[in-house]
Amino acid sequence: MRHVLLAFALLAATAGATARVAVIIETDVGKYPDDAWALGFMLGNPAYDVRLIVTSTNGTRGRAQIVAKMCDAAGQTPTIAMGAAYGTYVGPQIYWAQDYDLSSYTGQVLTNGATDAVIQVATEAANRGEPLLFLQLSPPLVLADALTKNPEIFAPPAVRFVAMSGSIATGYTGKPGAVPEFNAAFDPVASKVMYAAAIAMEIAPLDTSGIFQVFGEQYKALLDARTSNALVDAVIASYEVWAANCPLDPTIRCKDGIVTPDPGKASTTLFDLQAAAMCGATRTGTASEFLTMRLAKLLVNATGYTVEDLAIGRETRYAASWRDMDSFSTTVVDCFISPATCML
């Protein structure tokens with residue numbers, strides 16, 4: 001895996017000093033705020049060229065509205081593709097974007113064909129010799145379909161995968177013991193495809209992402225930046241709307257977190273933001289400053305647990321524990337406020 005990361009970094013460097021890494025994101029933004037934070041981080045980071053964002057699981061049109069409004073705030077126009085919807089539910093964050101007219105979005109919006117869009121973007125990057133990053137923020141429904149249809153275009157070292165997925169030894173809010181983490185367990189068959197594929201994958205499991213929040217001085221710095229940074233303002237505004245409407249949704253635990261979530265004081269648990277920030281940290285080698293990264297042969301079983309299997313599991317690099325979450329949080333916040341000097 002280390003050789004793959006070095007090769008990916010070299011590929012990015014040889015593409016040109018100012019070249020950005022092409023990015024595909026699959027997201028189920030809407031139920032919890034962490035997807036929106038991750039999208040904001042990637043869209044505002046000059047190291048990345050976000051080319052395609054796929055909305056996944058259910059309520060994919062409503063999720064596309066949230067994505068489009070966030071893209072507008074970032075001044076970016078990636079293609080937005082709606083995956084097949086399992087239902088209409090989106091989550092409390094839809095009220096932030098429910099009036100957004102998708103026909104006003106200046107980028108392309110695809111109401112179907114999400115898998116083909118993923119394959120097309122990956123193929124175009126491969127033909128140009130560009131490095132490609134796939135950021136998985138949801139159950140890997142569209143990714144699994146793409147891997148099944150055209151696995152060869154996702155081969156390392158040209159393509160990297162970073163996912164918020166799994167629970168190795170720790171569950172939600174830092175509780176000991178593995179649990180069926182939502183992204184891995186929503187569709188175990190799709191997750192099994194992702195973990196079994198011949199890809200270079202790193203994951204942010206609940207072991208570390210399940211306790212990652214922004215609060216204190218770092219959060220205050222974000223609040224102070226709202227008046228001068230439209231993207232930061234959009235991220236916080238969407239969180240405020242989520243917090244106001246969350247108590248009306250009985251399926252969500254609105255106050256879960258090591259620090260009680262409060263839009264005026266602290267974020268919710270930012271599972272997906274950790275994965276997004278790891279995209280740069282693992283590539284540049286700074287991840288080891290913040291996280292203990294380990295290798296294990298992992299797979300997702302039929303009940304949605306992420307387990308080690310030395311016989312058939314594929315080698316996966318995962319964030320096992322925190323070395324310095326406070327410095328990681330500070331670095332991430334700095335990237336939001338001053339993206340031109342972002343070190344991730």
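A cavity is a set of grid points where a 1.4 Å probe fits but cannot get out. Keep that in mind for the first part. One caution as well: this is a predicted model.

So, empty space. Rolling a probe the size of a water molecule over the atoms shows where empty space is left. How many cavities of 30 Å³ or more does the structure hold? One. The largest cavity has a volume of about 40 Å³.

Who lines that cavity? R20, M42, L43, Y48, V50, Q76 and P78. Look at helix 2, residues 34-44, and strand 2, residues 48-55. Each supplies at least two residues of that lining. By class, the lining has five nonpolar residues, one polar and one charged.

The largest pocket has a volume of about 680 Å³. Its lining counts 29 residues, and the closest to its centre are K31, Y32, Y172, F182 and F271. Helix 2 turns up here too, with at least two residues in the pocket lining. Helix 7, 182-185, and helix 12, 271-284, also supply at least two each. What is the class make-up of this lining? There are 11 nonpolar, eight polar and 10 charged residues.

On to helix packing. Two packed helices are described by the angle between their axes and the distance between the axes. I have two pairs to show.

Pair one is helix 3, residues 60-74, with helix 11, residues 230-245. Their axes come within 7 Å and cross at roughly 150°. Angles over 145 degrees count as roughly antiparallel, so helix 3 and helix 11 are roughly antiparallel to each other. The crossing is right-handed. Which residues meet? From helix 3, we have M70, A73 and A74. From helix 11, we have A230, L231, A234, V235 and S238. The contact residues divide into seven nonpolar, one polar and no charged.

Pair two is helix 6, residues 141-149, with helix 8, residues 188-196. Here the axes come within 9 Å and cross at roughly 55°. Helix 6 and helix 8 are therefore oblique to each other. Is this crossing left-handed or right-handed? Helix 6 passes helix 8 in a left-handed crossing. On the helix 6 side, the residues are L141, L143, A144, L147 and T148. They meet A190, V193 and M194 in helix 8. Seven of the residues in this contact are nonpolar, one is polar and none is charged.

Definitions and conventions:
Residues are numbered from 1 along each chain as its sequence is written. This is a predicted model: local features need pLDDT of at least 70, side-chain atom pairs count only at pLDDT 80 or more; totals for chains, interfaces and linings use all residues. Side-chain values use heavy atoms; hydrogens and water are left out. Axes are lines fitted to C-alpha atoms, for helices over the stretch in contact, and angles run from 0 to 180 degrees between N-to-C directions. Helices (H or I, at least four residues) and strands (E, at least two) are DSSP runs, numbered from the N terminus. Angles under 35 degrees count as roughly parallel, over 145 as roughly antiparallel, 65 to 115 as roughly perpendicular and the rest as oblique. A crossing is left-handed if the near helix is turned anticlockwise from the far one by less than a right angle, and right-handed if clockwise. Contact means heavy atoms within 4.5 Å. Ala, Val, Leu, Ile, Met, Phe, Trp, Tyr, Cys and Pro count as nonpolar, Asp, Glu, Lys and Arg as charged, and the others, Gly among them, as polar. On a 1 Å grid over the protein atoms alone, a cavity is a set of points where a 1.4 Å probe fits but cannot get out, and a pocket is an open set with protein on both sides within 12 Å along at least five of seven lines; lining residues have an atom within 4 Å of a point. Grid points are joined across faces, edges and corners, and a volume is the space filled by probe spheres set on the points.
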